[in-house]
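Open the model in your viewer and keep the sequence panel beside it. Each stop below says what to select and what is there.

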Amino acid sequence: QVSLGSAVYCASKFAVTAFSEGLRLELHQDNIRVTAIEPGMVSTHLLEQITDPGVRETVRQRYGAAERLTAEDVAEAVLYAVVQPGRVNVNEILLRPLSQG
């Protein structure tokens, strides 16, 4: 999802998706599966790590008290992809908290 004011961040997300798809195409003949796990807002320590007060406040206002995914939610998505039969490749999983839309 592209959002105002975060073009470079969004571009990096698209790059990871394209890289994952390229790897999937290159490696499938060796029975190597590649899955892009694309979580939405995840509960992290991000706000405490932002040193620029203006940026920190912008992020706080943008996401505020919105419900976030947990690490366990993301781990469940990874597990889902990994436990599929060998003939199945889950190309990508996009998961977001319900409140994110």
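**Stop 1**

Select Arg24, which counts as buried at 18% relative accessibility. The cut-off for buried is under 20%. Keep in mind that this is a predicted model.

The side chains of Arg24 and Glu21 form a salt bridge, 2.6 Å from N to O. Both sit in helix α1, residues 7-27. They are three residues apart there, so about one helical turn separates them. Glu21 is partly exposed, with a relative accessible area of 32%. Side chains of opposite charge can pair when their charged atoms come close.

**Stop 2: a second pair, in α3**

How many salt bridges does a search of the whole structure find? Two. For the other pair, select Arg60 and Glu57. Their side chains meet in a salt bridge at 3.6 Å, N to O. Both residues lie in helix α3, residues 53-63. The spacing is three residues, about one turn of the helix. Arg60 is partly exposed at 39% relative accessibility. Glu57 is partly exposed too, at 36%.

**Stop 3: Arg62**

Stay in helix α3 and select Arg62. Arg62 is partly exposed, with a relative accessible area of 42%. Show what surrounds it, leaving out neighbours within four places in sequence. Arg62 is then in contact with Ser3, Leu4 and Ser6. Next, draw a distance from Arg62 to Val42, 20 residues away along the chain. Their C-alpha atoms are 14 Å apart.

**Stop 4: a buried Glu**

Select Glu38, in strand β1, residues 36-39. Is Glu38 buried or exposed? Glu38 is buried, yet it has no salt bridge. The nearest side chain of opposite charge belongs to Arg96, 7.2 Å away. A salt bridge needs the nitrogen and the carboxyl oxygen within 4 Å. Apart from neighbours within four places in sequence, Glu38 is in contact with Thr17, Glu92, Ile93, Leu94 and Leu95.

**Stop 5**

Select helix α4, residues 71-82. At 1.5 Å a residue, its twelve residues should span 16 Å. The end C-alpha atoms are 17 Å apart, which agrees. Which residues of α4 are buried? Colour Val74, Ala77 and Ala81. They cover an arc of only 55 degrees around the axis, so they lie on the same side of α4. What covers these buried residues includes β1 and β2, the latter at 92-95.

**Stop 6**

Go to the loop between α1 and β1 and select Asn31. Asn31 has a positive phi of about 60 degrees, although it is not a glycine. Most residues other than glycine have a negative phi. Asn31 is exposed, with a relative accessible area of 70%.

**Last stop: colour by confidence**

The chain averages 89, and 98% of the residues score at least 70. Where in the chain is confidence lowest, and where is it highest? Confidence is lowest in helix α2, residues 46-49, at a mean of 79. The highest value is in α4, at 97.

Terms used:
Residues are numbered from 1 along each chain as its sequence is written. This is a predicted model: local features need pLDDT of at least 70, side-chain atom pairs count only at pLDDT 80 or more; totals for chains, interfaces and linings use all residues. Side-chain values use heavy atoms; hydrogens and water are left out. Helices (H or I, at least four residues) and strands (E, at least two) are DSSP runs, numbered from the N terminus. Buried means under 20% relative accessible area, exposed over 50%, partly exposed in between (1.4 Å probe, protein chains only). Lys and Arg count as positive and Asp and Glu as negative; His and the chain ends are not counted. Contact means heavy atoms within 4.5 Å. The expected span of a helix is 1.5 Å times one less than its number of residues. The arc is that of the directions from the helix axis to the C-beta atoms. pLDDT is the predictor's confidence in each residue, from 0 to 100.
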